[in-house]
Amino acid sequence: MKIQQGFSLVRIWVYVFFGTLLFLVTWIWTYQIDSTLGISAFANGWILFGILVFLSLFSARKRLPFLPLASSSRWFLLHVVCGFLALFLFWLHIGGMWSKGFYGQVITILFYITSISGVVGLFIEKVYPRQLTRSGVEVIYERIPMEIAEIREEVESLILKCTEETGSSTLAEHYLETLRRYFQRPRFFINNIFGSHLPQHWVRQQCMILERFLNEKEREYLDKVYALAEKKRKIDFHYTLQTLLKTWLLVHIPLAGAVMAMVIWHLILIMVFFV
Amino acid sequence: MEDNKFGHDQSNYERPNLPYRCGRASLWQTPCNHGPEVDGTCGGTQECTPFLKNDRWECRREKRFGGPCEDGPGSGGECSIQRPPCAPRSTLRIIRGRLVLLAVSIVLALIGTSLVLDPKVGGMVSISDAGPLSKSHAKFTEKEGCATCHIAYGQGPVEWIKAVFSNSDLSSRCVNCHSFGGPSFKAHNANMSPDRKVGDTQCVMCHREHNGPGMSVRALFSDQCNSCHKNKFTSLEHGHPEFSKKYPYFNRNSIKFDHGSHLKKHFENPKVSDKAPGSCIGCHMITLEDREVRPSSYEIVCAACHDSQIKKKELILLRLPELVQNRIDRDSLVQACNFPEGNVKEEEEFLSVSTEQPALVSAFLLNIPEDDPEIYDQPIQDLVLAMAEESSVPFAELIDSQTETPMSENLLMGLNPEVLKRAACSWGLNREYESPAEVRFGGWYTDMLEIRYKPSGHADPVVKSWLEFALAVSLNQKEEDKAARAIAMRDQILSAKDGVGGCIKCHAVSEVKNSKVGSHLAVAWKYESKSDSPYVLYKHENHIEILGTKGACSNCHILNKEVDYMASFKEYDPVNWVSNFEFISKKTCMQCHSESQIDLECQKCHLYHFKPSFKKDMLVVKAESVSTTP
Amino acid sequence: MAITTQVRPQRWDQPFGLFMTELDVDRLLTIPEIAAIEESKFPSHCSLRGILKNDARIVKYSAGDIVIREGDYGNSAFLVLDGSLKVVLFPGLPGQMLGRRTIQKKTFWQALKQLWSRSKIPEVRDVKRYGLHAMVREAEDLGASHVFLQDVPAILDKNKTASLGKGALFGELAALGRTPRTATIFAESDIELLEIRWQGLREFRKYDQGWRRLIDQRYRTNALNAHLRATSIFSHLDDKDLQEVADATLFETYGKFDWHLTYNKLQSQDKIHGIKDEPIIANQGDYSDGILLVRAGFARVSIDRGNGQQTLTYLGTGDFYGADELFRVWQGDPNVGMRVTITALGYAEMLRVPSKIVEKHLFAYWSSGRDGFRQANSQSSFESRRLQDFIDRTLTDGALLEWAVEERFINGTQTMLINLDRCVRCDDCVQACSATHGGNPRFVRHGKTFGNWMVANACMHCADPVCMIGCPTGAIHRSMSGGMVIINDDTCIGCETCANSCPYSNIRMVSINDEAGQLITDPQNQKPILKATKCDLCADQISGPACVFACPHDAVSRVDFRKIEIDENSTGF
């Protein structure tokens, strides 16, 4: 049994090859139609429409995991290849990068944003998982609030215990002044997007500056708090990256829906008024 | 993280398929074990539902949630862990679904609004707007709007559905305003008989709208042309056939102008060289025309040298010939001429005052042989008597009887009847007539034995009429003698050397073939445009602009010294003709227009449409609408 | 909160045979094999009559009908009451002839119906089904149709067969050892069988000396022979020689039969220190005294490396080790000892075939033929080469396997392995799982991780399915086709035995709701009715495991760790 560590290169190249082939065939066809004074926008338009329908069917496919509709990974790969193909076909269809009519311009803008969000999504889907793995913890997105609450409770009980045991409130004060805010909810969202080391530095700094004011006993507690803060930092990292991994679809899919609605209306208008 | 958190007795399944997540968790508090209900209400207000067993309330908290709680249920059977309900939040997946719905609904709403509201009325942009029209179309469609071109516009959904399944036929709407020299939907607006079947053409094949204020016309490249044309090529250099043999001098000039003799002989002549033009543009107006370059008018080009020659060549209408005997009734003559009694005395022996032959014109009119006095004696003298009696009337009658439409008025225009009568009276008495004054500016005059016409200058209408008359009567003469006389008259009048006015020295006479009437000769009075290649485009101006006025013309138009230019004008056949200039071949153009220099696509030199124009009523309608708008 | 109630199911609520009457039990008690049982040894809650009535049933087959098929997992043994059967010996009948029945896959329409038929409420059950389910069981357990063999004489002509007559017991070892059936058995004439489910068999063996002896003896004569015959190196032997081998073979059991119950706890408490605590079967460098065959369980194959042991591979049921070393010794190389250490992973049932017997029946055979020697050499060198391949693996290459062995994931045949470097945490797998299971996920996308690999909390469909031990009703069972472990929700009584048995926490107890979303509880004590749930490998889905199928990034795979190869020909994309 072989474990795929990624899509088979062969498969990718086959798909890219067929995608390119389809584009070239459409291109040549368009050229041929133009040569005979036909209206090539029909030909490449229908092909583009077919590709767009196929692209949106990926969403339907995800809702039908019980039907033997080829594996999702194949669909994904085809979705990516066809996504790029659609962009090229789109340019072929509108004969440039920008459309002239208002309606066309709206479609173009929506299509571009959808495409760009798709490319961004693809990028983060390929980059973020490794970063998440390297963080050293693994957490289910829905459980993050629970984890953070748990850590917070643990930290707070540690600090209470420390205060009780040592009679010193230094750690507690520092917690109330600075750390409490950190433990409240995920922090450093923006820094985590870019993989910044700032959060790590911050956590260490906050514990370091405290060290000289503590005695041996308190330091033991501080070490525990530091460990928990580190753990929380990693969960924050997961929170940020997983949030992005999920929310890019909030742009991509609704806009794709809008594009499809507009494309269908465009098709209707063409059928009614032009053909 | 400790893995046992996910032990079967520690945790539940994560259910990302559920629509709600704990509201407490969304505030980063500890979520409850139960989680929200499917309807979105909080399911975690209490940990369990205690059960009354043997009068004791037992905690029913599940093991994976920690088992029975420490405190146990209260005395009333209520769970001891009570929380205020949270407000569960939708999961990202649900939000995503709503956003999809929202996005699609916004689009549908915009489409709906654009359907219901006219963009102008609604004051908002129509989402269905296909784009702005070109400036000209925008103006002309103001009144009817989209329906000008789109039949289904403004119709109900039923019509729309019909429209989907029927041809919208946009092109048929174009010809509501546009018209062409030929059928609108045939290639090149011409009924050609192509070797292979070419379907009807449509305007939308090339012309698109909604592309902004500028007209959007598809540029035709060789590929498009090649798709129909059998002779396929890509550019002038590669594959364009050689120009036809006489290109571009297909037709004989209407004005005989021998560039050879003028340029090489006359203009060099020191006597007239000061009047000669400096270069081609001295005579040719290059700035006015695209393809055809006309010469300037006679007055500018020819008059300086040739004007004086015209007046010298006169027409002799009638010459009193040598007569055999007096056949005029003296009484009638006296009465007609109102001679004083006794002034007119009978001569004993008749001795003709003239020894000439009759003029060819009158010979033709009277149908008399000019060399036999025995025969023409009587008709001439009858005519003289008639002239004495009725002045020009007998001439007019004679002339009018020759043609279907009377021409005498034009032919005899300006003929003074009194002078004519007096001359006839003199001639009746076998005397010469002495003209009272010289005709200096041309016109009819009678002198000694002749009635003559002196041309007043270029484009004299009487002279023109006489040429027309001579040409007209020389045809269709049934009688052999008369035909010979008509031709003799014609030849004299049309003679470049002796003919009246010498018109034919410059104006070409060509045989015009007409299947109905039969062929006849025609004089090219005007410079005739001979352009019959509607699909060819050439701009002299552009070329001269680049090449400069000096050498520009001779770059392409090379004088051919070998050719006897005038020879062909001796005959009336306009086809058999050689120009003064060497024919222009592809090579001439390719000096500059090779692929490596200035490449020529088909459309650079060829037009697609044949005589494109607008329909009259469309212009009227527009004019009306313009006039009504203040 | 309104609570729907239902009587908590009891052990024999679901008898094995629907139509077993007291008369039948009386009749059975006259059968010599049963009559010999000392009824008094049985405890009152588990009487012999009770067992016969509830854990056994009388089934009838016509001549030619297949009773058990090779490769099937079965949880019952058969006692021949009347008639005779034939056992098809190695190499067995082709699968097609066995009329292999696949699980009732959904039709396309049925599959599509899941789009809208699934409930929004978690864990909804139709309570009425539980009442009606006796009939369902009948249809399921008795099997609406028996598959029969065409042209029995031709089969007898072409295959080696053994006969079973009246009073013969078969299938008991497969049932007890949780191993697949080793041979196909079909009815030679019209027969009547007593089918005893393994719970009943277990009680017989537990409380009756005669049966224990009988089973152990049968093990030697039937199963051992079959096992040896199924082992490729002994497949050439005739019955007599094989018997000789079998007679000489030593049984050895290492580790604890119920390792799984304590493993997790001990491991989490750091009381197990990996390989050091594993019972040693053979030590590296020791004199090799025979070929080791794994009868059941798992054995780790390792070598000394630095100050530790490097795991090369592991042996599962049917695997053997040691022929290469023995052969070299036989060839005259005196300095050959065991090249590896073999230890029991939790529990291992080993067979040791002594070297003298091996030399006589194996090596002699290898070198007897004309090209026997070459064959012997090639056999030996193949094994040697394979071993060398394992030894040559870098620590990095072997690390995943090492970890899997340590965590006992080797038990899984369909372990859900997630490549975290590719997983975008989209939960599409969980969504797909829930969509194919009536709106309920059947695994948790979380679990132990090693580097970028995560074994998720999904049923691994173990080779040694310890979860099945102790199920009082047989609700958890191996599918007759495919071998995946599935739970019959209708017969599950929610006792949590399986969930507690699973060392990987892959079986989860859920409280169930009715269609209105109300918790279903036991009316007697208001405790929620629990059901054991787990991955069923989408046995009834046409698409196969939905999780793998639904992963857009090829991050999920269901694997058997021993067969894993990382595909080098793939990209990080």
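Chain C has 18 helices and 25 strands, where helices (H or I, at least four residues) and strands (E, at least two) are DSSP runs numbered from the N terminus. This is a predicted model, in which local features need pLDDT of at least 70 and side-chain atom pairs count only at pLDDT 80 or more, while totals for chains, interfaces and linings use all residues. Residues are numbered from 1 along each chain as its sequence is written, and chains are lettered from A and ligands numbered from 1 in the order in which they are written.

Of the 573 residues in chain C, 48% are buried, that is, 20 or more other C-beta atoms, placed from the backbone, lie within 10 Å of their own. Two residues are in contact if their C-beta atoms, placed from the backbone, lie within 7 Å. Among the contacts of chain C with a separation of 6 or more, 78% join residues 24 or more positions apart.

An automatic or database domain assignment divides chain C into domain 1 (15–102 + 144–244), domain 2 (252–393) and domain 3 (404–563). In chain C, 16 residues of domain 2 are in contact with 11 residues of domain 3. The side of domain 2 of chain C that touches domain 3 of chain C draws at least two residues from each of helix 11 (259–268), strand 12 (290–305), strand 13 (308–315) and strand 15 (341–354) of chain C.

Between chains, the contact takes 45 residues from chain C and 33 residues from chain A. Helix 4 of chain C gives the most to the side of chain C that touches chain A, with 4 residues.

Definitions and conventions
A residue is buried if 20 or more other C-beta atoms lie within 10 Å of its own, exposed if 12 or fewer, and partly exposed in between; C-beta atoms are placed from the backbone.
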